[in-house]
Amino acid sequence: MRLLSVVNALALAVASLLSSVTYATPPAAANTATCTSSVGPGIPAPTGLPAGIPGFHATWYGQSGYMTLCPGDTSVATVAYYNTGSNGWVANRLGQMAFLGTNGPEPGTDQPSILGGDGTNGTANTSWPRYNRVAAQPAAYVGPGQVAWFQFTIKAPATPGTYRLYLRPLIEGATWLEDYGVFWVVTVRN
């Protein structure tokens with residue numbers, strides 16, 4: 001019986017010593033960590049939307065979540081706009097087709113973005129319609145009271161940091177639609 005309590009005491013002492021030992025990660029192992037991209041939760045649509053406003057109009061209706069990307073990674077973003085106007089949006093007709101344009105302080109209204117483009121004006125080729133047009137309406141016709149779900153690809157720059165892409169809908173060749181301050185926050189990991 002006494003031998004058993006000595007063995008237990010010795011095991012307890014060894015366990016206590018081992019629990020105080022800390023291990024450092026070797027430098028080579030720290031550099032082999034992989035980067036993983038992710039997308040946060042989406043932002044839901046508002047309630048009580050206006051409708052039938054004369055002319056071309058739009059209201060933000062929801063969007064996919066903000067992105068955390070590794071340098072050079074791409075991710076698809078989605079934003080929805082509800083046609084609150086009395087005019088429909090007609091694809092491939094100048095003065096009637098809806099687009100999302102670059103806007104705001106980042107990159108600025110109708111300016112190229114570091115997060116994507118058509119490969120011109122210093123932009124990455126992420127298949128946007130143009131360097132300053134993020135996406136085109138997804139359907140041939142978006143009537144009054146209907147929702148258009150615009151999708152576009154974002155490419156993370158090589159430099160880690162936080163980037164923003166501000167968007168605003170427009171009817172190409174006719175008018176910019178309401179500015180609700182829609183933007184994406186894209187975090188590029190180190």
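**Figure A. Tyr81 is buried, with a relative accessible area of 0%, and its ring pairs with that of Phe150.** The model is predicted; local features require pLDDT of at least 70, side-chain atom pairs count only at pLDDT 80 or more, and totals for chains, interfaces and linings use all residues. Residues are numbered from 1 along each chain as its sequence is written, and side-chain values use heavy atoms, with hydrogens and water left out. Buried denotes under 20% relative accessible area, exposed over 50%, and partly exposed the range in between (1.4 Å probe, protein chains only). Seven aromatic pairs are found in a search of the whole structure. In one of them, the ring centres of Tyr81 and Phe150 are 6.3 Å apart and the ring planes stand at 80°, so the pair is edge-to-face. Rings of Phe, Tyr and Trp (its six-membered ring) count as a pair if their centres lie within 6.5 Å; planes under 30 degrees apart are stacked, over 60 edge-to-face, and the rest tilted. Tyr81 belongs to strand β4 and Phe150 to strand β9, so their pairing ties together parts 69 residues apart in sequence. Strands are DSSP E runs of at least two residues and helices are H or I runs of at least four, both numbered from the N terminus. Phe150 is also buried, at 1% relative accessibility.

**Figure B. Phe152 and Trp184 form an edge-to-face ring pair.** Phe152 is buried at a relative accessible area of 3%, and Trp184 is buried at 0%. Their ring centres are 5.3 Å apart and the planes meet at 85°, so the geometry is edge-to-face. Phe152 is part of strand β9, whereas Trp184 is part of strand β12 (residues 182–188), so the pair ties together parts that are 32 residues apart in sequence.

**Figure C. Strands β2, β4 and β9 make up an open sheet.** The strand order is β2-β4-β9, and the pairing is antiparallel. β2 (58–63) and β9 (147–155) are the edge strands, each pairing on one side only. Five bridges join β2 to strand β4 (residues 74–83) in the antiparallel sense, where strands are taken to pair if DSSP finds at least two bridges between them. Thr59 faces Tyr82 of β4 across this pairing. Tyr82 also belongs to a cluster in which ring pairs link it with Tyr61 and Trp149.

**Figure D. A network of salt bridges links Asp110, Arg130, Arg133 and Glu172.** Side chains of opposite charge can pair when their charged atoms come close. A salt bridge is a side-chain nitrogen of Lys or Arg within 4 Å of a carboxyl oxygen of Asp or Glu; three are found in a search of the whole structure. Arg133 bridges to Asp110, with the closest N and O atoms 2.4 Å apart. Arg133 is located in strand β7 (residues 133–136) and Asp110 in the loop between β6 (98–103) and β7, so this bridge ties together parts 23 residues apart in sequence. Arg133 is buried at 5% relative accessible area, whereas Asp110 is partly exposed at 27%.

**Figure E. Glu172 takes part in salt bridges with Arg130 and Arg133.** The closest N and O atoms of Arg130 and Glu172 are 2.7 Å apart. Arg130 is in the loop between β6 and β7, and Glu172 in the loop between β10 (161–171) and β11 (175–176), so the bridge ties together parts 42 residues apart in sequence. Arg130 is partly exposed at 31% relative accessibility, while Glu172 is buried at 17%. The bridge between Arg133 and Glu172 has an N to O distance of 2.7 Å. With Arg133 in strand β7 and Glu172 in the loop between β10 and β11, this pair ties together parts that are 39 residues apart in sequence, so it too spans separate elements.

**Figure F. The protein chain contains two helices and 12 strands.** Along the sequence, the pattern is α-α-β-β-β-β-β-β-β-β-β-β-β-β. The chain has 190 residues, of which 37% count as buried. Of the contacts (heavy atoms within 4.5 Å) between residues at least 6 apart in sequence, 67% join residues at least 24 apart.
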